Structures are given as C-alpha cells and as structure tokens.
Amino acid sequence: MWTMDGADVTLMVLRTSFGFTADEFVESLADEFDSFESDPITQELGSLTLQGQAVTTEVAQSVLTYDVFEVPSEVGSTLLILMDATDDGLHTEEYRKVMRGLWSSLRMGGG
C-alpha cells in the first residue's frame, strides 16, 4: 500500500497479488464504520475510464467520502482510493486539485 496525505485528502494505492475488488474493499469498511452509503461510480482519468464505489460516512461530525476505483492490472489487483474530509458533504478544493492532477498525469505501465 502506498499513501499520500494532504490537509483534506488522502490518496492511496492498494496493490495485491490476488483479486480484490472495490466492492470487497467497501465491504471491509463495514468493520470501521457504524453506517455508510455506497454507490457505483465511474471516473475518467486521462485515457482511462475507471469503475468503482463511492462511500459516504460521518465520523465525529465530519462527512468523509471514499472513492474506490479498480485500476486494470495484469496480475492481482490495484485499487486507487481517494478519501476526502469534505466541506459538509461537498468535495474540497484539495480533492478537485488532486483529481485534476490525476486526470492530466496518471499513466499506467504497459500501455
């Protein structure tokens, strides 16, 4: 697992040697949070279209979102996870900057 933390956003890359889907990651969050909502999402990043799950939960009166994307992998699986400590449920400016950076610079090996 690789993690980069900002003031509001945490960007994580989870790589496994076995298949691990966004849905399975979201199911694992049930152990962490009393309640949360999740919905399927699609995000274009450069030439990639990623599928995943968006999770919203409230922790200590803060609304957190997790966007969990499945990144194509030849072996095992790779998840790209963005956690945002939102502004009352709306994505922060830092989240928008991270997404713009990913959109303009994310490249995957092998093509």
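This note sets out points on the sheet, the helices and the nonpolar cores of a predicted model.

1. The model contains an open sheet of 6 strands, in the order β1-β2-β6-β5-β4-β3, with antiparallel pairing.

2. Pairing of β4 and β5. These two strands run antiparallel and are joined by 9 bridges. Within this part of the sheet, T56 stands opposite T65 in β5.

3. Pairings of β6. β5 and β6 run antiparallel and are joined by 8 bridges; E70 has L79 in β6 as its bridge partner. The hairpin of β5 and β6 has 5 residues between the strands, and G76 there takes a positive phi near 65°. β2 also pairs with β6 in the antiparallel sense, over 8 bridges, and T16 stands opposite S77 in β6.

4. Burial of β6. Of the 9 residues of β6, 8 are buried, so the strand is largely enclosed by the rest of the structure.

5. Largest nonpolar core. This core holds 16 residues, and those touching the most other members are L45, L50, F69, L80, L82, M99 and L102. At least two residues each come from β2 (9-16), β3 (37-45), β4 (48-59), β5 (62-71), β6 (77-85) and α2 (93-105). The element that gives the most to this core is α2, with 4 residues. Leaving aside residues up to four places away in sequence, L102 touches L11, L45, L80 and L82.

6. Placement of α2. The helix α2 lies across β2, β3, β5 and β6, and runs at about 150° to β6.

7. E24 belongs to helix α1 (residues 22-29). Its relative accessibility is 35%; E24 therefore counts as partly exposed, given that the class lies between the limits of 20% for buried and 50% for exposed. The side chain of E24 reaches the backbone nitrogen of T21 at 2.8 Å.

Technical notes: Residues are numbered from 1 along each chain as its sequence is written. This is a predicted model: local features need pLDDT of at least 70, side-chain atom pairs count only at pLDDT 80 or more; totals for chains, interfaces and linings use all residues. Side-chain values use heavy atoms; hydrogens and water are left out. A nonpolar core is a set of buried Ala, Val, Leu, Ile, Met, Phe, Trp, Tyr and Cys residues joined through side-chain atoms within 4.5 Å. Buried means under 20% relative accessible area, exposed over 50%, partly exposed in between (1.4 Å probe, protein chains only). Contact means heavy atoms within 4.5 Å. Two strands pair if DSSP finds at least two bridges between them. Axes are lines fitted to C-alpha atoms, for helices over the stretch in contact, and angles run from 0 to 180 degrees between N-to-C directions. A polar contact is a pair of N or O atoms within 3.5 Å; within protein, one must be able to donate a hydrogen and the other to accept it, and residues adjacent in sequence count only if both atoms are side-chain atoms.
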